Amino acid sequence: MIRLIGAHIPTGGVLHKALYRGKEIGCTAVQIFTSNPQSWAERKLTKEDIKLFEEAKEKTGIRALFSHCAYLINPASPDRELRKKSILALEKEMNRCAALGIPYTITHLGAHSGVGEEVGLKNVAESIERILDETPDSVGLIMENTAGSGSTIGYRFEHLAKILEANKGHKRLKVCIDTCHLFCAGYEIRHEESYEKVLKEFDKIIGLELLKVIHANDSKYPFASRKDRHEHIGKGYIGDDVFRRMINDPRLFHAPMIIETPDTEKMDKMNLNRLRSFLKKGIK
């Protein structure tokens, strides 16, 4: 039985190099930014970019690929211009993914900026409906849960479920769970009994079949802190047991586990090896 494990790999502006770097450190799944995550400027792909990326996929054999959208994107915003800008940026992201053969892009849902969660959720649902209408069928959109800091939405399973429901369970709309965000939002996952409770709650409210990727990150902040700061696997407040449980949980085998831990150049290999060390015999 195979368990796909990987990392968010920096590209340094050269997209295909991330796949070779991923292969070098033992990734079987890779997440990248296709454009500068701190800028609204659009990256336009060249034919050479696409060709080299396709060659890298063939040579590395890495097919579990994800992009992460820019951090500036805020489809929950009450500011119409910002929301319009966010929709356009996410559409362009998904178009780049289609050109590169990346099947999914992951997005945060943004912040309501004081107008309330219900309005924020309505804005997100409407934004996503437009995005899915205007983008290629070959690329799915994955909503990532949040830690709930400030006025961000998406920190409760019910938030994600409302957006899914508003979009009538659109076949291209999926979910990502980040362990650090989950823990800091107040979902107790450190103990076997509470882990089971959270997983069953997720399955009931959203459905495990909609979980497409897990961001495996420990937390620098304690339980229910509503703060988002990732830590190395087993070195934070979450600890080893959760990751040992998750990586061996057959209910989650369909969702690749991807680390987004600090000091990526120096520490990714160590974090990946630590995750792999938790695998039980017969799983690779």
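User: How many residues line the largest cavity, and which of them lie nearest its centre?
Analyst: In this predicted model, the largest cavity is lined by 13 residues, and I177, L182, V198, L199 and M246 lie nearest its centre. Lining residues are those with an atom within 4 Å of a cavity point, a cavity being a set of points on a 1 Å grid over the protein atoms alone where a 1.4 Å probe fits but cannot get out. Its volume is about 120 Å³, and the search of the whole structure finds 2 cavities of 30 Å³ or more.

User: Which helix gives the most to the lining of the largest cavity?
Analyst: The helix is α7, which contributes 4 residues, while α6, α7 and α8 (240-247) each supply at least two.

User: What volume has the second largest cavity, and which residues line it?
Analyst: The second largest cavity has a volume of about 30 Å³, and its lining consists of P75, L90, T107, L109, V124, I128, I131 and L141. The largest share of that lining, 3 residues, comes from α4.

User: Why is S113 called partly exposed?
Analyst: S113 has 48% relative accessibility, and the term applies because partly exposed lies between buried (under 20% relative accessible area) and exposed (over 50%), with a 1.4 Å probe and protein chains only. S113 is found in the loop between β4 (104-107) and α4, where this residue, although not a glycine, has a positive phi of about 55°.

User: Where does D263 lie, and what is its phi?
Analyst: D263 lies in the loop between β10 (257-259) and α9 (264-277), and its phi is near 50°, a positive value in a residue other than glycine.

Conventions: Residues numbered from 1 in each chain as written. Predicted model: local features only at pLDDT ≥ 70, side-chain atom pairs only at ≥ 80, totals over all residues. Heavy atoms only, no water. 1 Å grid on protein atoms, 1.4 Å probe; cavity = no way out; pocket = protein on both sides within 12 Å on 5 of 7 lines; lining within 4 Å. Points joined across faces, edges and corners; volume = space filled by probe spheres on them.
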